[in-house]
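Colleague: I would like to go through this model with you. Shall we take it question by question?

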Amino acid sequence: MAKTVKNTDELLREYHTWLRLERGYSPNTIEGYEMDLDKLRTYCTEHVDSTGKKMDFVHISFEALEEFIFQQFKDIKSEATQARVLAGIHSWFRFLLYKDYIEQDPSELLEGPRKSKHLPTVLTLDEVNRMMAAIDLSSNEGHRNRAMMEMLYGSGLRVSELVNLQLSKIYLDEHYMLIEGKGSKQRLVPTSPVAEEWFGYWMQERSTWPLKPESKDIAFVNRYGRPMTRAMVFTIVRRLCAEAGITKTVSPHTLRHSFATHLLQNGADLRVIQQLLGHEDLATTEIYTHLDVQDLREAVLKCHPANK
């Protein structure tokens, strides 16, 4: 028999704790899921069910939930965003079922979009070098920016991992960093000699910057001594690409993708790349096995018997 639902605020606090501690989701994922739940709550307050009763966002029927998803997807064109909304709704009802607040999950049969697999943008080695060369080392942030770019490209970090990187978890003598990735999962990631060199320059510069108390152990800070944000890193990457004459749509994740692709093209094993990137499923890493048109053409010329 299902438990009686608590006060709404108390129930939402319990859900937040479940997402953070039991599921181990990142703050960004939790924020997204709670935003989706808030939309469901609003929808329920504005509609009634087939019997004319006010909808309940805990005990909602499959039909009502399906209509809510349909209304949401009308305004959302991105397949990735649609999938995220659906994941948030599934998470809410899995929580209710797990905690015995409901006896059946009404979201179980909801169908969402199949996310199309688009090959991400990758930079060539020449483009990476041009991007690095575009950094103005005479500016106050020059050594910091170069160190950040080398970390992204040299170790394949996510931008969230970069801005949360702690000095106490960087072991340059052992040439490793302890990275906390998605779901608070930790992994050891090697540091490249080039990244270590530029990080050393940045550490000398950092020692002269005013630091806020919350930034004492944070590797990369802004000019005010506060931790860098993801938006700041996005802006820096895009500005550098523009100055380097790179016309591709580039983000910090492009450097992570380039890291994996260049490793693969130079003979690294796919499972090694999987571990470096912190992917749970090897299928996620397989997106990095794409080859450009020139690679495909060279393979045909080299291997097809008609060309020998």
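Colleague: What share of the contacts in the protein chain with a separation of 6 or more comes from residues 24 or more positions apart?

Modeller: First, the ground rules: this is a predicted model, local features need pLDDT of at least 70, side-chain atom pairs count only at pLDDT 80 or more, and totals for chains, interfaces and linings use all residues. Residues are numbered from 1 along each chain as its sequence is written, and side-chain values use heavy atoms, with hydrogens and water left out. Contact means heavy atoms within 4.5 Å. On that basis, the share from residues 24 or more positions apart is 59%.

Colleague: How many helices and strands are in the protein chain?

Modeller: Both are DSSP runs, numbered from the N terminus: helices are H or I with at least four residues, strands are E with at least two. The count is 13 helices and three strands.

Colleague: What percentage of the 308 residues counts as buried?

Modeller: Buried means under 20% relative accessible area, exposed means over 50%, and partly exposed lies in between, with a 1.4 Å probe and protein chains only. For the protein chain, the buried part is 41%.

Colleague: Why is α6 described as roughly antiparallel to α8?

Modeller: Axes are lines fitted to C-alpha atoms, for helices over the stretch in contact, and angles run from 0 to 180 degrees between N-to-C directions. Under 35 degrees counts as roughly parallel, over 145 as roughly antiparallel, 65 to 115 as roughly perpendicular, and the rest as oblique. Helix α6 (142–155) and helix α8 (193–206) have axes 8 Å apart and pack at about 150°. That makes the pair roughly antiparallel.

Colleague: How are α6 and α9 oriented to each other?

Modeller: Helix α9 spans residues 230–243, and its axis comes within 11 Å of that of α6. Arg144, Asn145, Met148, Met149 and Leu152 of α6 meet Val233, Ile236, Val237, Arg239 and Leu240 of α9. The axes cross at roughly 90°. The two helices are therefore roughly perpendicular.

Colleague: Which residues of α11 meet α10?

Modeller: The axes of α10 (252–265) and α11 (270–277) come within 10 Å and cross at roughly 160°. That makes α10 roughly antiparallel to α11. Arg256, Phe259, Ala260, Leu263 and Leu264 are the α10 side, and they meet Leu270, Ile273, Leu276 and Leu277.

Colleague: Where does histidine 175 lie?

Modeller: Its phi is positive, near 65°, in a residue other than glycine. Histidine 175 is partly exposed, with a relative accessible area of 41%. It lies in the loop between β1 and β2.

Colleague: What is the relative accessible area of aspartate 100?

Modeller: Aspartate 100 has a positive phi of about 65° although it is not a glycine. It is found in the loop between α4 (79–98) and α5 (125–133). Aspartate 100 is partly exposed, at 43%.
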